[in-house]
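Take the chain in hand and walk through it in steps.

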Amino acid sequence: MSTRELIRAESSSIKLGVVDSQIASVRTQTEEQTAVRLMDGGCIGLASAVGNADIDALTRAAREALLFEIPFPVEPESDRALSAQHVGDEHDVASLLDLTERVLDALRASYPNYVFSHGVEQNRLAWHIESDAGLDLHYRRVTTQAAFVVKEKGSGNIIDTFVGVDGLSLDVDTVMEVFHDHMAAYGKPMAAKHGRQRVIFPGLSGMASSNLLQLFRSDLTARSYASGASVFAGKVCDGEPYFHPSLHLYEVRDPTHHRVCPFDMEGVVRQSLNLDI
């Protein structure tokens, strides 16, 4: 007996570009992707499309793909319904423009000797997986981010510092609190020290250090490890330490405490416990 799964992924964004403390551009983007997975006889066929999709045509293409006999030796998730969301303030272009203007007004008033560039954006995504085996999974997220390159007037540097904040809901007070903390520290440079120094990152999930995690995050995936492409290939359980004992990595899975989807794109509902890597 065959099982058909229908996967829909929708994303949209509003991005406001800021140059020299003024809004310089407005860009909107919307994307919709649809896929059909057909499982039959221990094999799987796949077909997908971007934009408006003909589900019947995708189903026929997925059935034809079964000829490739791609193995799928597991039972697909069934008879399960779940809906979760992490949704904050939802903005249209006009309201995001208003928020950004008020933030820039506050920044210009508080820091007249600096100019701010980069931008403010809101991102929305929605995932829906359903099947004729009774699977019905929904997830939706809406977040807003303000990120600014800061340059002191008259500075010869391209960038003097960078400040960013993101969350489900942002207002002027929230953004300014982060800026005040950062700029207060930036305005009090410490005397240079020689020798090896300890560098403290404010959490790998934060904007200030997410790029640090990017350096090795892909090396932690099962696909990279199994293919030998990971820097950790052959090193798991060899008894050698590769991270400082004070560094802890977790796969966060609990949607009640973090902005994570409670299921994966295979349609499998994950346990909420956070895994210590």
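A residue is called buried under 20% relative accessible area, exposed over 50%, and partly exposed in between. Arg8 has a relative accessibility of 26%, so Arg8 counts as partly exposed. Keep in mind that this model is predicted.

How many salt bridges does a search of the whole structure find? The count is eight. Side chains of opposite charge can pair when their charged atoms come close.

Another of these bridges joins Asp166 and Arg259, at 3.0 Å from N to O. This pair also links distant parts of the chain. Asp166 belongs to strand E8, while Arg259 lies in the loop between strand E9 (250-251) and strand E10 (275-276), 93 residues apart. Asp166 is partly exposed at 34%. Arg259 is partly exposed at 35%.

Asp98 and Arg102 pair within one helix. Their side chains meet in a salt bridge of 3.0 Å, N to O. The two are four residues apart in helix H2, so about one helical turn separates them. Asp98 has a relative accessible area of 42% and is partly exposed. Arg102, at 40%, is partly exposed as well. Elsewhere, Glu90, Arg124 and Arg140 are linked in a network of salt bridges.

Now turn to the nonpolar core. In soluble globular proteins, nonpolar side chains tend to be buried together. Here the largest nonpolar core has 24 residues. Those touching the most other members are Val103, Leu107, Tyr111, Phe116, Phe148, Val150 and Phe179. Two or more residues each come from strand E1 (3-19), helix H2 (93-110), strand E6 (114-131), strand E7 (135-152), E8 and H3. H2 gives the largest share, six residues.

Finally, look at the surface. Asp89, Asp171, Asp173, Glu177 and Asp181 gather there in a patch of negative charge. Asp171 lies in the loop between strand E8 (161-167) and helix H3 (172-186). Its relative accessible area is 38%, so Asp171 is partly exposed.

One last stop is Tyr225, in helix H5 (residues 222-227). Tyr225 is partly exposed, at 31% relative accessible area. Tyr225 and Val236 are 11 residues apart in sequence and 9.5 Å apart in space, C-alpha to C-alpha.

Notes. Residues numbered from 1 in each chain as written. Predicted model: local features only at pLDDT ≥ 70, side-chain atom pairs only at ≥ 80, totals over all residues. Heavy atoms only, no water. Patch = residues over 30% accessible without salt bridge, like charges linked within 9 Å, V, L, I, M, F, W, Y side chains within 5 Å. Areas by Shrake-Rupley, 256 points an atom, 1.4 Å probe, with all protein chains shown as cover. Salt bridge = Lys/Arg side-chain N within 4 Å of Asp/Glu carboxyl O. Lys, Arg positive; Asp, Glu negative; His and termini not counted. Charge placed at Lys NZ, Arg CZ, Asp CG, Glu CD. Buried < 20%, exposed > 50% of the residue type's maximum accessible area, 1.4 Å probe, protein only. Core = buried A, V, L, I, M, F, W, Y, C linked by side-chain atoms within 4.5 Å.
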